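My notebook is open, and I am going to look up a few things in this structure. Come along and check each entry against the picture.

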Amino acid sequence: MTDRTSQPDQVEVDTPRIPLSPTLPVSINGFGMDNVNRAETPSDLVAGPNEAGVKTEWDASSLDGAIRWLESHASYLRRLYHGMADIQDLMGGAGAAAATGMPSGVSGVQKSPLGGFTWAGRLTQKHANLYTGTESGVLDLANRLEDAVEVLRKVKENYQTAERANEMTAEQIRQIFADAASGGES
């Protein structure tokens, strides 16, 4: 791929004076346009300071860092999930939305935690639906992050196993060269 970032952003073309209308004194002396041949990587895709960017090399310590990051976020989401029960309690508990489907004033029907106005029950039901969706989403994300931690631990284990195998192979190669060198001198 050719680097074309040195090309200008605009292309200016000078033309001879071209009249646009025989009755109006308007003419074109040239025109400019965006240079579509200029290639540039958007700044949002360039790694910033202290970012890995497109790094594809990993070692055990960077895998440990990724595991810690995933674990801390999963832990935060678990705490958030368990703390969400307080929100539900403030809205009248788990059954509040189901009990507020009838208009206020009907005997035996619980009023909405949001009040007795006409739309209070519907608003409570919408809140309950939003709460349920958010609660399940937070729990699902926490579970997926914990799954990713387990997978990454397995990757790290496999990486370390491969490194140990490579170390043994390198040691065996050194021994072979040492044996060959001592055998050749005798």
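Where is the place of Leu-24? I found Leu-24 in the loop between strand 1 (10–19) and strand 2 (27–34).

**Ground rules.** I am reading a predicted model, where local features need pLDDT of at least 70, side-chain atom pairs count only at pLDDT 80 or more, and totals for chains, interfaces and linings use all residues. Residues are numbered from 1 along each chain as its sequence is written, and side-chain values use heavy atoms, with hydrogens and water left out.

**Overall layout.** I noted 2 helices and 2 strands in the chain. Along the sequence they come in the pattern β-β-α-α. Both kinds of element are DSSP runs numbered from the N terminus: helices are H or I with at least four residues, strands are E with at least two. Of the 186 residues in the chain, 14% are buried. For the wording, buried means under 20% relative accessible area, exposed over 50%, and partly exposed in between (1.4 Å probe, protein chains only).

**Back to Leu-24.** Leu-24 counts as exposed, because its relative accessibility is 52%. Leu-24 also belongs to a nonpolar surface patch of about 420 Å², together with Ile-18, Leu-20, Val-26 and Ile-28. A patch takes residues with over 30% relative accessible area and no salt bridge; like charges are joined within 9 Å, and nonpolar side chains (Val, Leu, Ile, Met, Phe, Trp, Tyr) within 5 Å. The areas come from the Shrake-Rupley method with a 1.4 Å probe, and for residues only the protein chains shown count as cover.

**Salt bridges.** How many salt bridges does a search of the whole structure find? I wrote down 7. The rule asks for a side-chain nitrogen of Lys or Arg within 4 Å of a carboxyl oxygen of Asp or Glu. Side chains of opposite charge can pair when their charged atoms come close.

One of the bridges joins Glu-71 and Arg-153, with the closest N and O atoms 2.2 Å apart. Glu-71 is in helix 1 (residues 60–90) and Arg-153 in helix 2 (residues 120–185), so this pair ties together parts 82 residues apart in sequence. Glu-71 is partly exposed at 30% relative accessibility, and Arg-153 is partly exposed at 35%. I also saw that Glu-71, Glu-150 and Arg-153 are linked in a network of salt bridges.

Next I looked within helix 2. Lys-154 and Glu-157 meet in a salt bridge of 3.7 Å, N to O. These two are 3 residues apart in helix 2, so about one helical turn separates them. Lys-154 is partly exposed at 45%, and Glu-157 is partly exposed at 42%. Arg-174 and Glu-171 form a salt bridge too, with their closest N and O atoms 3.1 Å apart.

**A charge and a ring.** The charged end of Arg-122 sits over the ring of Trp-119, 4.2 Å from its centre. This label needs NZ of Lys or CZ of Arg within 6 Å of the ring centre and within 35 degrees of the ring normal.

**The loop between the helices.** Gly-93 lies in the loop between helix 1 and helix 2, and is partly exposed with a relative accessible area of 21%. Gly-93 and Pro-113 are 20 residues apart in sequence and 9.4 Å apart in space, C-alpha to C-alpha.

**From the record.** UniProt lists residues 138–172 as "coiled-coil region" in an unreviewed entry. In this model that span is 100% helix and 0% strand, and its end C-alpha atoms lie 51 Å apart.

Technical notes:
UniProt positions are given in the numbering used here, feature names are shortened, and annotations may be inferred rather than shown by experiment.
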